[in-house]
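Please read it alongside the sequence and the coordinates.

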Amino acid sequence: MLKKNIWNSLRKIRAGLYRIFLLELYAYRIVGPLLKRKLAHREDPIKYLFIISPMRSGSTLLAHVLNGHPRIAGYGESHVPYLTERDLSHLIARTRIMEPSFSGSENFILEKMVWNYEISDKVLASADIYFVFLVREPAATFRSMGKLADQMPESPWARKWLSHDECLAYYQNRLNFMSRLMERINNSDRCLLLDFSALVNDTESALTALQQFLDLDQPLSAEYPTTTRTGEFRYGDLSQSIKSGKIQRRSDTPTTEASSPGVLEAKKIYAQALETSRQYCKFVIIDNALREGFPRTNSAGKNPSHPLRQQHLP
């Protein structure tokens, strides 16, 4: 126990020093102003791309795929709220520090968020911010959350996800938060919803839709470069599969746990989030094979259909 407490204290000290010296003093006060002057000469303003997702839903994989495109730059997860334009400027400065290859000529700066950090109405209203809402079938999400205990056996935080009650509470809060974000943004041209199973099992269609959504001049690839941060806890997925450098087909097939009360409740939340996305997202890319067994919901179908847009619920 003493060893664990010392290790946790050292991690907190390290994080504090990182924020004070690397970010507050160097990134924000030196690198940031220099980048701001450089970017002021661009013909088109730089845009931002936010991946909004529950944990263990493929956000690290998607971030690697997007980062592999020459028009997109990012490094992972910042763990900060976005309240003002200054917070967006800080994201650019952090990206420059973490990704030395960032040149400033990219179209998008990438951020991913799996926790309910506040995003102000002013930031959400910016025409320069695009949102990819990534979701995953709940039973598979819960199984993946439970694997954290194996990957981090000494972590009380990881072990708590062995509880379905903890998983359900997080999943419900997160998807409700995401649905409210869609409603607050209220601009389908800047919102896309992607189901994890579609990403890994219908990869070509999913990547084509993402390319069209972001108006990229080159296609996205299912293969991506890895970095020294790939597989590190602070930056996302700890599994070995993320280090493979490519999207791997996998199945989120139902198991016996899929009929448990907690998962059934989560399925209703999942279906409601999909229904919300049909009204507020330009693209909705889902794997129709997963729709079996999900609650039926009423749909207004307010958005015009798109050849790559899949709106099918049972």
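## Model and overall make-up

Strands, as named here, are DSSP runs of E with at least two residues, and helices are runs of H or I with at least four; both are numbered from the N terminus. The model is predicted. The secondary structure of the chain consists of eleven helices and six strands.

Of the 314 residues in the chain, 51% are buried. The chain has an accessible surface of about 15500 Å², and carbon and sulfur atoms account for 51% of that area. Among contacts in the chain with a separation of 6 or more, 77% are between residues 24 or more positions apart.

Val132 belongs to strand 4, which spans residues 129–135. Its relative accessible area is 0%, under the 20% limit, so Val132 counts as buried.

Leaving aside residues up to four places away in sequence, Val132 touches Leu49, Phe50, Ile51, Ile52, Leu62, Leu192, Leu210 and Phe213. Ile52 is 80 residues from Val132 along the chain, yet their C-alpha atoms are separated by 6.1 Å.

## Aromatic pairs

The structure contains eleven aromatic pairs. One of them joins Trp115 and Tyr170 edge-to-face, with 5.2 Å from centre to centre and 65° between the planes. Trp115 is in the loop between strand 3 (108–113) and helix 4, and Tyr170 is in helix 8 (residues 164–185), so this pair ties together parts 55 residues apart in sequence. Trp115 is partly exposed at a relative accessible area of 27%, whereas Tyr170, at 9%, is buried.

Tyr130 and Phe213 also form an edge-to-face pair, at 5.7 Å centre to centre and 75° between the planes. Because Tyr130 lies in strand 4 and Phe213 in helix 10 (residues 203–214), the pair ties together parts 83 residues apart in sequence. Tyr130 is buried at 16% relative accessibility, and Phe213 is buried at 5%. Ring pairs also link Phe50, Tyr82, Phe131 and Phe133 into a cluster.

## The second largest pocket

The second largest pocket has a volume of about 640 Å³. It is lined by 26 residues, of which Lys36, Tyr48, Glu85, Ser89 and Ile92 are the closest to its centre. Helix 1 (2–39), helix 3 (85–98) and helix 4 (121–124) are the elements that each give two or more residues to this lining. Helix 1 gives the most, with eight residues.

By residue class, the lining of the second largest pocket comprises twelve nonpolar, five polar and nine charged residues.

How values were computed
Residues are numbered from 1 along each chain as its sequence is written. This is a predicted model: local features need pLDDT of at least 70, side-chain atom pairs count only at pLDDT 80 or more; totals for chains, interfaces and linings use all residues. Side-chain values use heavy atoms; hydrogens and water are left out. On a 1 Å grid over the protein atoms alone, a cavity is a set of points where a 1.4 Å probe fits but cannot get out, and a pocket is an open set with protein on both sides within 12 Å along at least five of seven lines; lining residues have an atom within 4 Å of a point. Grid points are joined across faces, edges and corners, and a volume is the space filled by probe spheres set on the points. Ala, Val, Leu, Ile, Met, Phe, Trp, Tyr, Cys and Pro count as nonpolar, Asp, Glu, Lys and Arg as charged, and the others, Gly among them, as polar. Buried means under 20% relative accessible area, exposed over 50%, partly exposed in between (1.4 Å probe, protein chains only). Contact means heavy atoms within 4.5 Å. Accessible areas come from the Shrake-Rupley method with a 1.4 Å probe; for residues, only the protein chains shown count as cover. Rings of Phe, Tyr and Trp (its six-membered ring) pair if their centres lie within 6.5 Å; planes under 30 degrees apart count as stacked, over 60 as edge-to-face and the rest as tilted.
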